[in-house]
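Here are my notes on the model, point by point. Please read them with the structure open.

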Amino acid sequence: MSTAQTFNTTLVAKTLSGWLLAGAALLAGWGPAQAFDFQDVAAQAQQLAAKPYEPRPSTLPDELKAISYDQYRDIRFKPERALWRQDNLPFELMFFHLGKLQNQPVLINEITPKGEVRHIAFNRDDFDYGRNKLSPQSWGDVGYAGFRVHYPVNTANYKDEVIVFLGASYFRAIGANQHYGLSARGLAIDTVGGEKEEFPRFSEFWIEKPKATAKSLVVYALMESPRATGAYRFEVKPGSDTVTEVQSQLYLRGPVATLGAVPLTSMFLSGENQPRRGDFRPEVHDSDGLMVATGEGEWLWRPLINPKQTLTTSFAMKSLRGFGLMQRDRSFASYEDAEARYDRRPSAWITPQGDWGPGRVELVQLNTPDETHDNVVAYWVPEKLPAIGQPLKLSYQMRWQSQQQQRPPTAWVTQSRVGQGLDALGANEHQYLVEFTGPSLDKLPANAALKAVVSSDANGEIVERNLYRNGGNRTWRMTLKVKQIKDTQPVELRAFLQHGNDTVSETWTNVIPPQ
């Protein structure tokens with residue numbers, strides 16, 4: 001080993017040891033030993049917020065920085081080395097190796113049944129390095145990139161992967177018979193509205209060792225970034241819908257233009273409202289719409305698109321009952337992708353715990369050339385931000401859903417199609433076919449006096465509208481023709497179904513982007 005390599009290895013070990021000692025000093029300053037809990041993490045977040053941000057130096061050895069993507073994929077965790085496997089517990093942890101793009105380590109700790117904290121040091125024997133020619137024996141405790149949780153959610157004799165924490169403040173979960181799709185984050189800062197987006201990251205985790213009869217797993221996380229810190233408690237409850245109960249406490253270090261709380265990130269390449277020529281797959285997306293339930297009782301549905309340029313829209317309200325990026329279409333025939341199985345990608349529905357006050361749900365959609373890039377972000381923006389150093393407390397439930405997913409109590413949109421029929425469209429005209437179904441409509445006769453209430457902003461002209469019962473699938477079909485007056489400006493559309501004086505459906509909201 002060269003002198004440079006020796007120095008680098010020593011620095012790595014000392015750096016990680018420094019983090020551990022600093023954390024131990026914080027814990028020691030809180031008085032007599034007691035069981036670790038959320039308030040311990042919140043106290044760390046508050047103390048860090050009072051100081052200038054100091055990025056934690058990389059512990060990544062040079063040889064791991066230099067590996068290729070394929071070399072990184074050849075490093076695999078050995079399942080038989082999973083944490084708690086020897087204890088025969090219902091939950092197990094497996095860890096992600098550092099390397100390539102995963103170059104920032106996180107500290108991972110176990111909380112013992114007595115409430116004591118035990119650091120989980122990096123162990124090279126936990127990994128199979130495949131064909132790589134590396135020297136892990138010289139690295140020391142470099143830490144991990146993240147971890148995944150396993151639990152027997154599909155069958156009793158196999159522990160499936162149910163949630164992953166990896167990269168920045170990203171995490172994603174799945175329930176029974178689901179495939180990974182959209183992701184969540186701890187916090188989004190200035191996705192739009194500021195000079196540059198900031199990606200806070202979870203820098204340390206504490207995971208409670210479960211009991212032999214446990215049905216849920218508790219994870220604590222400390223989040224850091226130049227302009228914010230935060231403490232999180234996740235209680236993961238795997239099942240047909242995997243439920244994640246989240247408690248968070250955020251602190252700002254500096255001014256923020258757009259504080260995106262509870263952000264969801266997804267992908268929309270093409271769909272029934274935006275077909276893609278040359279692709280054998282009818283639709284390619286992890287989510288097909290944004291659903292919002294306002295405190296005033298209105299349910300909103302915004303179909304997603306893949307815009308030519310970044311498109312930001314928002315829904316302001318006095319209070320929020322819930323929002324989510326949903327994958328409503330569950331038919332394999334809508335996707336025809338036997339490998340990606342978009343029909344099994346989860347929806348993620350967020351339900352606030354307590355009153356979050358006024359604010360807005362913001363939707364940011366970017367252009368993507370293919371399905372490898374996430375291009376959809378949705379989050380909650382509180383109307384009033386906390387003062388620097390003061391806490392913002394948000395608790396919420398996340399449900400990762402499949403067939404039985406959150407829907408409005410009345411009726412909802414099943415499809416939104418775009419295009420012309422036999423007759424050609426006029427200049428700057430757009431035609432939509434939107435179908436509704438649900439219990440409020442099922443009980444109505446085919447000749448019910450149902451009407452579509454449609455409105456547009458000043459840049460749109462409603463040219464034609466129709467509503468009729470579709471005998472082919474027993475939905476109610478609305479057809480709509482709209483003229484975009486100035487094609488350099490967007491058009492906002494709204495439509496819902498009304499029977500007498502009663503609103504009997506969610507509100508379909510659609511934006512025609514600038515051409």
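**Notes on the predicted model**

1. β29 and β30 (residues 475–484) pair in the antiparallel sense over 10 bridges. Strands are DSSP runs of E with at least two residues, numbered from the N terminus; two strands pair if DSSP finds at least two bridges between them. Asn470 stands opposite Thr475 in β30.

2. Ground rules. This is a predicted model, with residues numbered from 1 along each chain as its sequence is written. Local features need pLDDT of at least 70, side-chain atom pairs count only at pLDDT 80 or more, totals for chains, interfaces and linings use all residues, and side-chain values use heavy atoms, with hydrogens and water left out.

3. The sheet around that pair. Four strands form an open sheet in the order β26-β27-β30-β29, with antiparallel pairing. β26 (412–418) and β29 (460–470) stand at the edges with a single partner strand each, so one side of each has no neighbour in the sheet. Neighbouring strands are turned by 20 degrees against each other on average, direction ignored. For such angles, axes are lines fitted to C-alpha atoms, and angles run from 0 to 180 degrees between N-to-C directions.

4. The main core. The largest nonpolar core has 86 residues. A nonpolar core is a set of buried Ala, Val, Leu, Ile, Met, Phe, Trp, Tyr and Cys residues joined through side-chain atoms within 4.5 Å. Buried means under 20% relative accessible area, exposed over 50%, partly exposed in between (1.4 Å probe, protein chains only). Phe95, Phe147, Tyr232 and Phe323 have the most contacts inside this core. Strand β25 (residues 391–401) gives the most to it, with five residues. Another core lies apart from it, with 29 residues, among them Trp301, Tyr432, Val482 and Ala495.

5. What surrounds Phe95? Leaving aside neighbours within four places in sequence, Phe95 is in contact (heavy atoms within 4.5 Å) with Phe77, Leu83, Ile108, Ile120, Phe127, Tyr144, Gly146 and Phe147. Phe95 also belongs to one aromatic cluster with Phe77, Phe122, Phe127, Tyr129, Trp139 and Tyr144.

6. Aromatic pairs. A search of the whole structure finds 28. Rings of Phe, Tyr and Trp (its six-membered ring) pair if their centres lie within 6.5 Å; planes under 30 degrees apart count as stacked, over 60 as edge-to-face and the rest as tilted. Phe95 and Tyr144 are stacked, at 4.5 Å centre to centre and 20 degrees between the planes. Phe95 sits in strand β2 and Tyr144 in the loop between β5 (127–128) and β6 (146–155), 49 residues apart. Both Phe95 and Tyr144 are buried.

7. An edge-to-face pair. Phe147 and Phe205 lie 5.0 Å centre to centre, with 85 degrees between the planes. This pair links strand β6 to strand β11 across 58 residues. Phe147 is buried at a relative accessible area of 0%, and Phe205 is buried at 2%.

8. Salt bridges. The count comes to 27. The rule is a side-chain nitrogen of Lys or Arg within 4 Å of a carboxyl oxygen of Asp or Glu. Lys209 and Asp87 meet at 3.2 Å, N to O. Lys209 lies in the loop between β11 (201–208) and β12 (217–225), and Asp87 in the loop between β1 (76–77) and β2 (92–96), so the pair ties together parts 122 residues apart in sequence. Lys209 is partly exposed at 28%, as is Asp87 at 42%.

9. Buried charge pairs. Arg227 and Asp190 form a salt bridge at 2.8 Å, N to O, and both are buried. Arg281 and Asp279 form one at 2.9 Å, and these two residues are buried as well. Shared partners join Arg276, Asp279, Arg281, Asp337 and Glu371 into one salt-bridge network.

10. Which backbone angles deserve a look? Most residues other than glycine have a negative phi. Trp84 has a positive phi, near 80 degrees. Trp84 is found in the loop between β1 and β2 and is buried at 3%. Glu336 has a positive phi of about 55 degrees. Glu336 lies in the loop between β21 (320–326) and β22 (347–353) and is partly exposed at 36%.
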